[in-house]
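Colleague: I have a chain open here and would like to talk it through with you. Could you bring it up on your side, and then we start with the surface?

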Amino acid sequence: MKDYNLENRSLVIGGVATAIVVVYIIRLFTLQLLSDDYKKNADSNAFLKKIEYPSRGVITDRHGKLMVYNQPAYDIMVVMNEESGRLDTMEFCNALGITKDAFIQRMNDIKDRNKNPGYSRYTQQLFMSQLTDKEFSVFQEKMFRFPGFYVQKRSIRQYKYPYAGHVLGDVGEVSQNNIEEDDYYQPGDYIGKMGVEKYYEKQLRGEKGVQILLRDAHGRIQGRYQNGKFDSRPVAGKDLTLSLDLNLQALGERLLEGKIGSIVAIEPSTGEVLAMVSSPSYDPRLMIGHKRGKMHAKLSRNVWKPLLNRSIMGQYPPGSTFKTTQALTFMTEGIINSHTTYPCNHGFYYKGLHVGCHGHASPLALVGAISTSCNGYFCWGLYHMMSNRRKYHTVQDAMDTWRDYMVSMGFGYKLGIDLPGEKRGLIPNSAYYDKAYKGSWNGLTIISISIGQGEVNLTPLQIANLGATIANRGYFYTPHVVRKVKGEPLDTAFTRRHYTKATKRAYDWVVAGMRSSVMGGTCKYLGRLGFTVCGKTGTAQNRGQDHSVFMGFAPMENPKIAIAVYVENGGFGADFAVPIAGVMFEQYMKGHLSPSMAREADALQKRRIGYGKANR
């Protein structure tokens, strides 16, 4: 009689043995034919791929003055499989000027796959970066005693002047996200972190080269593999020419010392940014090499936010500079003409609502209203536009028409400047107010937007661009801080004209009003300059002291420069913003300051507000 239990056990054992054999066969097939793991390890034993880093592109100002360049630096690399505990740790630490604890910590960090996901014991890993020539020379004398350690030559970024930190940005070590997003990078590489260094990273970085070196069984370098047949040389990064005028930039930074705010100057005929000042600022020369991490952390903790580029990230009420946009809209829409007058008895009064204004002649037509910065005039203009049912079916229609004019002038959205971090500001539409007031609102509800208050917020860059648009009588180019990338045409985004919805005739009348403001209105300080300036002041209301604002351009015909100045808590526009603009205008138009204007610059530099007083 058959023993079925024994027979079944035999079948099970045989099946298991067969399965094990099949698994082994599949694994051998995978390892030998499909997987390149062993090949990589074998290659790592036989070859040393030495990366050659390109020099990063240099950066100059519009006149060719060198602002950013490179100096030699050295990284210490380690191949763990070659080091293998044969190192005299104390001698090694003394050669690099580090402690034994620091050495142990760094070696553990390299092996930690959470901190260093690309770790392999057969490939070079970064141990220490950016040694100076002096530090490297001490280490080089003893390097033969440190098996598994190599030197990788590269360059370190240098910033020649303490200016334009927000525009230039800086360079720092890549993050894991950078490596995952772009396979060009590997741990220990450097990448632009802010400013043009970040925006133009791909142009500035160049292309890496590689040397393939042959090693013997003991890991000793025997020379280049096949005499360098498979090597590639690095390609240097492309040089950048900025649109900044270094002298104008330096002057602007001096004028804003001890103040919080921004100065932006634009060439209207091209959209090139001539100066971009944000205060408080920082010295880009401190943000290099080993010092960068500590300095960045220190600046990040600073309560006055010196890392914030207020020129493109600050969102402020534009105050009375915004009245020019209202004049353009009302005239183009036929709400007013050049002779329309409105009363202003120390402000706008209607149905119990009062918006105050300073004393001046009344009633006023358009040119006089711009010249004296009359609140009443522009409040009446907005009210008549919002309540005009012959032209607009509803207040929502009128509001969205108004918004379309504002958007066409470059407000409410990012302008698209070639710098990271730009903010869009705020221009409300009918849906915004429908939500805020549950559909029950009218021109009186939103009257403050007519004078650049209420919900309207702009960046200083947008205010400067408004000046450039008026200077051009109705169009602007997207502002940009890079004038030229070597070997490349300028992006067409920066060479296209953007036309607004307002008519040229409306612009001509607004220009006349801004010129009148300089000849005898709120900007009369600028009448002393030896060229025709057009300007508009602003006093933007704030919870504390008002902000001082100016927007204008020069000369009146064939304009060369448009400027916006914004000084937080600076009071009336004429207190700080106008004289600062005057100094900037003269420097750019004449190439130097007259003795009287140089004294004015010195006096402005000494006048401090907010953080300036706190730090004296």
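Colleague: What does the accessible surface of the protein chain come to, and what share belongs to carbon and sulfur atoms?
Modeller: The accessible surface is about 28600 Å², and 52% of that belongs to carbon and sulfur atoms; these areas come from the Shrake-Rupley method with a 1.4 Å probe, and for residues only the protein chains shown count as cover. Please keep in mind that this is a predicted model, in which local features need pLDDT of at least 70 and side-chain atom pairs count only at pLDDT 80 or more, while totals for chains, interfaces and linings use all residues. Residues are numbered from 1 along each chain as its sequence is written, and side-chain values use heavy atoms, with hydrogens and water left out.

Colleague: And how many of the residues count as buried?
Modeller: Of the 616 residues in the protein chain, 52% count as buried, where buried means under 20% relative accessible area, exposed means over 50%, and partly exposed lies in between (1.4 Å probe, protein chains only).

Colleague: What about the overall dimensions, say the radius of gyration?
Modeller: The protein chain has a radius of gyration of 33 Å, whereas a compact globule of 616 residues would have one near 25 Å; the radius is taken over C-alpha atoms, and the globule rule is 2.2 Å times the number of residues to the power 0.38. Along the principal axes, the C-alpha atoms fill a box of roughly 115 × 80 × 45 Å.

Colleague: How many helices and strands are there?
Modeller: There are 23 helices and 20 strands in the protein chain, counted as DSSP runs (H or I with at least four residues for helices, E with at least two for strands) and numbered from the N terminus.

Colleague: Changing topic, how many salt bridges does the structure hold?
Modeller: It holds 20 salt bridges, each being a side-chain nitrogen of Lys or Arg within 4 Å of a carboxyl oxygen of Asp or Glu. One of them joins the side chains of Glu197 and Arg56 at 3.0 Å, N to O. Glu197 lies in helix α9 (residues 195-199) and Arg56 in the loop between β1 (47-52) and β2 (59-60), so this pair ties together parts that are 141 residues apart in sequence.

Colleague: Is Glu197 buried or exposed, and what about Arg56?
Modeller: Glu197 counts as buried at 0% relative accessibility, and Arg56 also counts as buried, at 10%.

Colleague: Where does the salt bridge between Lys238 and Glu488 sit?
Modeller: Their side chains meet at 2.9 Å, N to O. Lys238 is in the loop between β9 (221-224) and β10 (240-242), while Glu488 is in the loop between β16 (482-485) and β17 (497-499), so that the pair links parts 250 residues apart. Lys238 is partly exposed, with a relative accessible area of 31%, and Glu488 is partly exposed too, at 30%.

Colleague: Last one: where is Val395 found, and which residues does Val395 touch?
Modeller: Val395 is found in helix α17 (residues 395-408) and is buried, with a relative accessible area of 8%. Not counting residues up to four places away in sequence, Val395 touches Met386, Arg389, Trp441, Asn442 and Gly443, where contact means heavy atoms within 4.5 Å. Val395 and Trp441 are 46 residues apart in sequence, and their C-alpha atoms are 8.3 Å apart in space.
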